[in-house]
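Have a look at it first.

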Number of protein chains: 2
Amino acid sequence: MSTDPTRFAPMANAIRALSMDAVQAANSGHPGMPMGMADVATVLFSKFLRFDPSRPDWADRDRFVLSAGHGSMLIYSLLYLTGYESPTIHDIRNFRQMGSVCAGHPENFLIPGVECTTGPLGQGLAMAVGMALAERHLNATFGNDLVDHKTWVIAGDGCMMEGINHEAIGLAGTLKLGRLKVLWDDNRITIDGDTALSTSEDIPARYRASGWDVFECDGHDYADIERALAEAAMSEKPSLVACRTIIGKGAPNKQGGHDVHGAPLGAEEITAARTALGWTSEPFIVPEDVLADWREAGYRGAKARQEWEARLAADPQAAEFERRMAGELAAEDDAMAAFNGWLAGDANVATRKASENALNVLVPLFPELVGGSADLTGSNNTKAKNQAPLTADDYAGRYVYYGIREFGMAAAMNGMALHGGVIPYGGTFLIFSDYCRNAIRLSALQQTRVVYVLTHDSIGLGEDGPTHQPIEQVMSMRLIPNLNVFRPADVIETAECWMLALQSSETPSVLALTRQNLPQLRHEGGMLSARGAYRLKSAKAERKVILMATGSEVQLATEVAERLESQGIGADVISAPCLELFEQQDDSYKRELLPDAAHILRVSIEAGVTWGWERYTTTDGLNIGIDRFGASAPAKDLFARFGFTADSIVPKILDKLST
Amino acid sequence: MSTDPTRFAPMANAIRALSMDAVQAANSGHPGMPMGMADVATVLFSKFLRFDPSRPDWADRDRFVLSAGHGSMLIYSLLYLTGYESPTIHDIRNFRQMGSVCAGHPENFLIPGVECTTGPLGQGLAMAVGMALAERHLNATFGNDLVDHKTWVIAGDGCMMEGINHEAIGLAGTLKLGRLKVLWDDNRITIDGDTALSTSEDIPARYRASGWDVFECDGHDYADIERALAEAAMSEKPSLVACRTIIGKGAPNKQGGHDVHGAPLGAEEITAARTALGWTSEPFIVPEDVLADWREAGYRGAKARQEWEARLAADPQAAEFERRMAGELAAEDDAMAAFNGWLAGDANVATRKASENALNVLVPLFPELVGGSADLTGSNNTKAKNQAPLTADDYAGRYVYYGIREFGMAAAMNGMALHGGVIPYGGTFLIFSDYCRNAIRLSALQQTRVVYVLTHDSIGLGEDGPTHQPIEQVMSMRLIPNLNVFRPADVIETAECWMLALQSSETPSVLALTRQNLPQLRHEGGMLSARGAYRLKSAKAERKVILMATGSEVQLATEVAERLESQGIGADVISAPCLELFEQQDDSYKRELLPDAAHILRVSIEAGVTWGWERYTTTDGLNIGIDRFGASAPAKDLFARFGFTADSIVPKILDKLST
């Protein structure tokens with residue numbers, strides 16, 4: 001297919017017409033970007049992108065990420081026009097309405113052809129870095145026959161200006177991810193107006209400074225677009241193609257201005273656009289010849305896909321490749337057997353160290369695990385023995401030095417998980433979950449299996465002081481839907497939580513781990529953490545108190561319980577490594593742990609904010625926590641200062657029992 | 001004072017000795033950076049920085065920001081050596097211990113000479129951008145006589161690699177903040193090892209691409225440092241000085257490696273360092289001649305400060321300048337009078353629009369207000385009528401186009417507030433509080449008066465879908481200590497919340513505002529929002545239900561109450577615009593609103609997660625909320641789908657009452 005404008009212009013105009021009509025029908029949405037990038041996208045999908053609409057799950061397809069997710073009508077148009085089963089024209093007609101898969105921003109869980117959820121600016125491109133990284137890693141592992149594809153991105157000025165862009169392109173440049181190709185919609189318009197209002201940056205120079213190649217084209221000249229994309233495709237470096245475009249191109253009176261960015265064009269301007277574009281079809285009707293050209297573009301990849309399937313069938317690694325891409329685990333029993341060996345021990349280690357010990361078991365058993373840290377390897381204990389670095393010189397390695405790029409790391413891990421074939425985990429200090437919080441949220445929304453290893457999980461980190469001491473982070477992450485926040489109490493729970501994290505194929509996990517040592521509390525197996533909370537110790541005397549604690553405070557709860565028992569007050573200790581899993585238990589189990597007896601005092605102990613614990617302790621209970629910022633001092637002094645000692649807690653309980 | 005090494009080397013070595021000894025005594029801390037940057041800091045504080053240790057609050061002092069806050073012993077040493085009252089040598093001896101102002105990271109609320117709290121990487125430099133912006137704005141307002149100073153920053157590779165660096169330098173470059181001078185500790189080491197492990201970036205090229213000047217020097221050659229700083233000081237552009245240094249310089253066996261970054265040197269290496277440096281004093285003892293040289297450097301600024309004071313005394317704007325720098329408000333009564341005029345109205349507007357209306361009152365009355373938005377001006381409604389843009393061409397303007405830089409904006413606002421003389425407010429979508437969450441936390445920790453205008457505060461934003469719909473954000477920000485999260489219910493509460501935000505001089509505020517219209521519920525004044533929650537409507541029939549709601553759900557609560565009353569069930573409606581302020585009320589007020597009566601059902605209604613509401617509704621209550629991600633559809637359909645209608649809620653209440 002040549003880039004003959006007589007053929008390409010109607011194809012691009014089909015995108016423009018669908019976009020402006022869908023936004024108009026919804027009376028909401030963003031026509032500017034799809035209309036501006038219609039020409040570039042037409043060349044990309046017709047001549048470069050390797051895909052097969054009949055098999056959106058083809059493992060060796062090129063990945064396409066619409067980082068500027070507000071321009072969702074661009075990808076919906078492209079998927080429909082090239083012949084994907086989803087979305088249908090009915091979905092597009094119902095753009096942004098309840099029940100339509102054509103949501104305001106593209107959602108990976110609604111449409112198989114959407115590789116990732118985009119909308120939060122900058123993250124699409126950063127996820128694409130993870131996809132390109134996964135591709136190189138799997139290529140190094142399984143060879144060119146099975147894995148040999150590119151990752152293409154369309155990004156706008158918002159994606160360029162966000163801080164995460166710096167992290168993402170720095171990581172891609174350092175890892176020399178030459179299969180990553182970013183098409184920048186250089187339209188010089190943001191919501192507030194001309195880009196000059198807020199930026200004076202030379203973007204190509206910045207990309208070059210990070211080791212990228214940069215190409216440029218007129219984003220409305222098909223031959224020029226084809227030339228630039230061909231040059232980018234040939235480059236061995238990650239590449240930026242600056243596509244000079246006019247936002248809203250085709251809307252004669254509004255194009256080029258910021259009003260066309262995020263509002264319907266209006267009936268009058270749509271009429272004018274139809275005239276200007278020579279588009280005579282009714283809304284949502286694509287002329288047969290134009291649709292046929294698009295479908296031909298869509299058929300392009302079928303042959304390559306079939307050839308790939310033949311290669312896969314003949315490949316000795318086929319079964320392993322398919323297992324990994326399906327995300328199925330193969331070594332759970334071996335791992336549990338190894339962990340059961342720990343029950344007889346008496347480890348007194350920080351849970352970050354317990355996590356390292358777990359990784360020393362898991363990394364060899366699960367070749368799909370790819371770890372890393374945002375420059376805190378020795379502090380997060382994220383690197384297993386003999387885990388080779390994944391570098392530009394050795395993509396087969398399995399440990400990524402992400403650099404001081406928490407947000408970039410988290411987004412890259414999302415991209416890796418979405419690409420498939422790897423299970424990413426990565427570490428930083430728990431406090432810096434704040435830096436990557438929206439990527440953690442996107443893990444949850446996108447249902448990716450990403451494991452966040454977040455150490456130094458309370459004032460127990462000590463001297464670094466309040467900027468580094470999480471106070472509200474554990475509870476605040478519990479509020480994110482579809483995210484399991486684990487805070488294990490000892491070495492055994494840490495191993496259990498790691499297993500649960502690996503087994504949660506559609507739910508990301510946070511492991512909140514201590515810097516300080518914790519005694520081993522468990523000597524029995526049974527994967528008790530799977531229920532989220534369980535009775536670690538039953539009252540000996542008549543039960544008057546239930547102590548519910550997590551992580552480092554479980555040992556404190558047992559100490560408190562012993563003191564109470566010594567005074568004839570029976571006290572249960574409930575360890576609650578994952579409140580989200582506890583919430584999923586049936587009522588009878590919950591009532592078993594937390595019976596509805598008015599004479600039993602419920603007490604929570606967690607070295608974080610108390611808000612939220614009333615769910616379990618009731619408003620008549622007692623919540624031991626810290627509702628202010630911490631301080632800089634040795635951990636022991638801080639725990640004493642903030643009341644996390646049996647000496648401080650027992651009198652409070654006695655006082656409460658006596659009222 | 002010339003840069004004669006025989007004089008400067010002992011001065012720099014005093015920093016080295018104090019730093020290694022303090023870290024050793026604490027058995028915790030970071031010696032590498034203070035030792036590596038000791039020479040550069042000595043030249044800066046002896047020859048360039050304009051300051052007077054006897055008056056850390058001198059308004060026209062240069063600001064110095066240690067962005068690489070882990071190197072806190074550098075600033076503690078400098079403040080002590082130059083003669084500040086705080087910290088004392090006793091504080092330094094107790095580095096990182098309970099009660100010492102020499103915390104692990106520098107804290108602005110502990111030491112007057114510390115301009116801002118640093119430690120979370122990248123934010124120090126980004127706050128410095130705000131300080132430099134405030135300086136130019138006040139210079140344009142009050143003239144060279146009163147405001148004419150620089151902002152100096154020491155930053156490390158971590159600050160360079162973090163995404164916020166991109167946002168910060170882009171903003172500084174666009175606004176041409178030529179008084180901002182960043183000294184980069186170019187030691188080529190990060191925690192994980194050589195910087196090459198994780199970055200291949202040409203940092204100077206990137207800074208140049210953002211409109212900065214770049215200079216370089218040997219960070220251990222005093223004359224070369226002086227030359228480079230002089231060149232940077234002369235430049236009219238924001239400037240980066242790449243100081244090539246050896247991390248831990250002076251520790252002969254450990255310098256230049258990553259082990260020296262964040263751990264004590266150990267007794268043996270300290271002995272070796274003393275020998276190598278020719279430092280014979282006991283720990284924490286600075287020889288008299290060296291201390292005298294340092295104190296001389298400290299006296300340098302006294303004359304300039306006295307001259308400035310004389311100028312201030314003679315300046316017709318002195319009183320206004322001092323009022324602004326003291327952060328005192330002058331127009332509260334006028335503002336309240338204007339807002340009281342609204343009580344008689346019947347506004348049906350979104351609270352984002354109500355906020356704009358409030359700004360139209362406040363911006364003219366409070367000249368210290370400087371607003372802005374992260375490229376969502378028209379959506380956040382943050383720009384008041386006739387509010388001129390603050391640009392490189394007109395620093396007297398009062399509206400900043402921050403660009404698509406939420407984190408950079410939030411950090412810059414912290415810097416502006418810390419600089420003093422301005423009260424910053426800035427807007428983005430509430431969901432993107434995730435992008436700047438740690439800066440919001442630093443507002444709270446640093447006790448800055450920053451107002452976050454966060455619009456589109458629930459599924460009520462409609463079609464943009466789950467990536468843009470806050471679900472957990474409002475509750476999660478309530479968990480941050482010393483942050484007031486306001487969610488006003490109508491135009492009157494919005495005005496009240498704005499006033500409360502302005503009056504909270506040591507507590508930052510979030511205003512969570514709707515996209516959708518809300519009816520005016522209040523026609524009486526009284527600043528009822530000041531108590532955080534209040535009874536908006538009392539039960540007519542016997543009180544059996546208390547409905548507690550915030551923001552857009554207060555109107556829904558009143559509708560539910562009316563339905564209940566029509567069935568003879570008395571229902572109070574409590575509007576709770578700020579739960580933090582409600583928490584601060586005395587028990588009798590709390591009990592008045594929420595009496596301890598077992599037969600009264602408490603119901604919360606908020607279009608966000610329910611977790612946390614048990615604090616008010618007890619575990620026997622009913623929490624109406626949304627504990628999953630949202631969806632893309634018109635707001636009305638979403639509220640219906642997720643049960644935010646009287647039709648859905650009333651039966652649930654009746655059901656609960658009948659059990």
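## How a helix begins

Which backbone nitrogen does a side-chain oxygen of A:Asp490 reach at the start of H21(A)? That would be the backbone nitrogen of A:Ile492, with the side-chain oxygen coming to within 3.0 Å of it. Keep in mind as you read that this is a predicted model.

## The rest of helix H21

Helix H21 of chain A runs over residues 491-503, so to speak a stretch of 13 residues. From its first C-alpha to its last, H21 reaches 19 Å, close to the 18 Å expected at 1.5 Å a residue.

## Where the chains meet

Now for the meeting of chain A and chain B. Here 99 residues of chain A are in contact with 99 residues of chain B. Together the two chains bury about 8200 Å² between them, and 59% of that is on carbon and sulfur atoms.

The interface has 8 salt bridges by the rule. One of them joins B:Arg615 to A:Glu614, whose closest N and O atoms are 2.6 Å apart. On the side of chain A that touches chain B, the largest share comes from helix H19 (residues 437-446), with 6 residues. That side of chain A divides into 39 nonpolar, 35 polar and 25 charged residues.

Terms used:
Residues are numbered from 1 along each chain as its sequence is written. Chains are lettered from A and ligands numbered from 1 in the order in which they are written. This is a predicted model: local features need pLDDT of at least 70, side-chain atom pairs count only at pLDDT 80 or more; totals for chains, interfaces and linings use all residues. Side-chain values use heavy atoms; hydrogens and water are left out. Contact means heavy atoms within 4.5 Å. Buried area is the accessible area (1.4 Å probe) that two parts lose on being put together, summed over both. A salt bridge is a side-chain nitrogen of Lys or Arg within 4 Å of a carboxyl oxygen of Asp or Glu. Helices (H or I, at least four residues) and strands (E, at least two) are DSSP runs, numbered from the N terminus. Ala, Val, Leu, Ile, Met, Phe, Trp, Tyr, Cys and Pro count as nonpolar, Asp, Glu, Lys and Arg as charged, and the others, Gly among them, as polar. The expected span of a helix is 1.5 Å times one less than its number of residues. A polar contact is a pair of N or O atoms within 3.5 Å; within protein, one must be able to donate a hydrogen and the other to accept it, and residues adjacent in sequence count only if both atoms are side-chain atoms.
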